[in-house]
Amino acid sequence: MPVPIVNFIKDLFLPELKFVKLMSSPQKRQRIYLMEKVSDFEVCPKCATKAHTIYDHVIVTIRDTPLRNKNIILKIRKRRFLCKSCKKVFREPVQGIFKGFRTTQRYRHHVMWNCTQFSNLKRVATVTGCSEWLVYKCHYEQLELETRKLQSEWPTTVGIDEHSFQRKYGRKEFVTVFVDYNNRKVREVILGRAPADILESERILKIRSRERVKNVVIDLSSGFKLAAATLFPNAIITADKFHVIKLIFPAIMKYKKEVVSNTRNRAFKRLLLKNGHKLKFHESQVLRAVLHFFPTLKDLYTAKEAIHSLYRCKGYNNAKRSFTKFTDWLAYSKIPELQTLRRTLIKWREEILNYFKTRITNARTEGFNRKAKLIQRNAYGFKNFDNYRLKILYSCR
Ligand SMILES: [Zn+2]
């Protein structure tokens with residue numbers, strides 16, 4: 001069987017170019033090839049007619065992907081054509097090199113590949129031997145091209161959450177993340193978390209088939225609720241389980257100070273916040289003995305356990321009954337924090353109970369948030385939101 005050497009050479013050089021000669025000595029780290037394009041005619045970019053007349057030649061220097069640790073420079077002898085119909089002179093274009101660029105498109109892709117291998121762009125600049133500016137340019141330009149390929153319509157399940165992005169003028173700016181639950185990836189990231197920011201964002205409105213979305217998971221934020229209800233008219237909105245349980249934590253921590261004033265002591269905090277169902281026997285004994293002397297804390301703890309047991313309910317109707325029972329119990333309480341909890345729960349009643357229909361939580365979105373935070377930390381923070389967005393979309397695809 002013949003060796004496919006022809007294919008190998010084809011891959012080596014750009015498709016339209018013909019090799020003329022090697023211009024550097026083979027021992028050197030850099031190789032310079034003289035190349036030419038062969039074609040009978042070129043099409044005028046201004047009036048789109050065929051041009052056959054060669055006006056003159058120019059030699060351009062283009063950087064190509066390194067091969068076996070040798071940097072490759074292409075000297076391309078380009079023809080300049082004279083267009084007879086509009087009397088203009090133009091240079092012939094070469095496939096794989098953009099107009100006005102001094103690097104081939106695959107070289108830029110090679111730099112981008114290096115960027116994914118190293119933790120900082122400065123290292124890439126030393127390894128590839130080009131300037132930091134070019135690395136920066138190539139990286140975000142190629143990321144843009146890659147993320148454009150990932151575009152798809154809305155999935156059937158969407159998770160929405162926010163995280164802080166940067167501090168500007170003394171206050172925090174937030175970023176909203178839309179997670180595609182079907183394909184386990186981040187679908188879109190936008191700046192701001194207010195309903196107006198979400199509903200007026202062009203990037204969000206551009207994504208097709210909004211009516212396809214069946215489920216939306218959010219944390220207990222009324223802004224997201226409003227935005228989700230407007231954006232996805234056919235969706236069931238579910239409140240995240242963890243955020244519902246977490247509602248009472250600050251009150252528990254406040255009254256915990258009566259028992260243990262030392263904030264460094266985590267052991268008692270752990271006992272209080274852990275699901276009572278998962279405590280070991282001796283742990284629950286200790287907790288019961290302590291709570292006996294602190295009636296307020298005991299009430300708060302009972303309320304927390306009641307939410308846990310609410311989530312252990314089987315079926316929507318059972319949950320609905322338990323929920324009503326629980327809020328009625330809260331109504332008799334004299335503790336102001338429990339009254340606040342009751343009001344919040346009643347306000348979110350429908351969304352909390354939807355969990356028993358859909359059985360989805362926001363865990364995946366929180367996971368992607370963790371990743372986004374890690375990207376921020378790795379880059380020592382971002383100045384440009386668009387770059388940050390590209391990084392997240394590419395890393396969480
Ligand atoms: Zn022309």
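Select Asn 354 and show what surrounds it: beyond its neighbours within four places in sequence, Asn 354 is in contact with Ile 236, Ile 237, Thr 238 and Arg 359. The model is predicted. Asn 354 sits in the loop that joins helix H15 (349-353) to helix H16 (355-358). Its relative accessibility is 5%, and because buried means under 20%, Asn 354 counts as buried.

Next, colour by domain. The domain assignment lists domain 1 (1-101), domain 2 (103-149), domain 3 (157-240 + 361-395) and domain 4 (242-358). Taken over C-alpha atoms, the centres of domain 2 and domain 4 are 51 Å apart.

Now select helix H12, residues 295-311. At 1.5 Å a residue, its 17 residues should span 24 Å, and the end C-alpha atoms lie 25 Å apart, which agrees. Show the side chains of H12: the buried residues include Leu 297, Leu 300, Tyr 301, Ile 307, Leu 310 and Tyr 311. Lys 304, Glu 305 and His 308 are also among the buried residues of H12.

Finish at the zinc ion. Its protein donors are the SG atoms of Cys 44, Cys 47, Cys 83 and Cys 86, at 2.2 to 2.4 Å from the ion. The angles among the 4 donor atoms run from 102 to 118°, and the site is tetrahedral. In sequence, the donor residues follow the spacing C-x2-C-x35-C-x2-C. Cys 44 is in the loop between strand E3 (42-43) and strand E4 (50-51), and Cys 86 is in the loop between strand E6 (70-83) and strand E7 (88-91), so the pair ties together parts 42 residues apart in sequence. Cys 44 is buried, with a relative accessible area of 4%, whereas Cys 86, at 25%, is partly exposed.

Methods: Residues are numbered from 1 along each chain as its sequence is written. This is a predicted model: local features need pLDDT of at least 70, side-chain atom pairs count only at pLDDT 80 or more; totals for chains, interfaces and linings use all residues. Side-chain values use heavy atoms; hydrogens and water are left out. Helices (H or I, at least four residues) and strands (E, at least two) are DSSP runs, numbered from the N terminus. Buried means under 20% relative accessible area, exposed over 50%, partly exposed in between (1.4 Å probe, protein chains only). Contact means heavy atoms within 4.5 Å. The expected span of a helix is 1.5 Å times one less than its number of residues. Domain bounds come from an automatic or database domain assignment. Donors are N, O and S atoms within 2.8 Å of the metal (3.2 Å for Na, K and Ca); water is not among the atoms, so sites may look incomplete. Four donors count as tetrahedral if all angles lie between 85 and 135 degrees; four count as square planar and six as octahedral if opposite donors are over 155 degrees apart and all others between 65 and 115; anything else is irregular.
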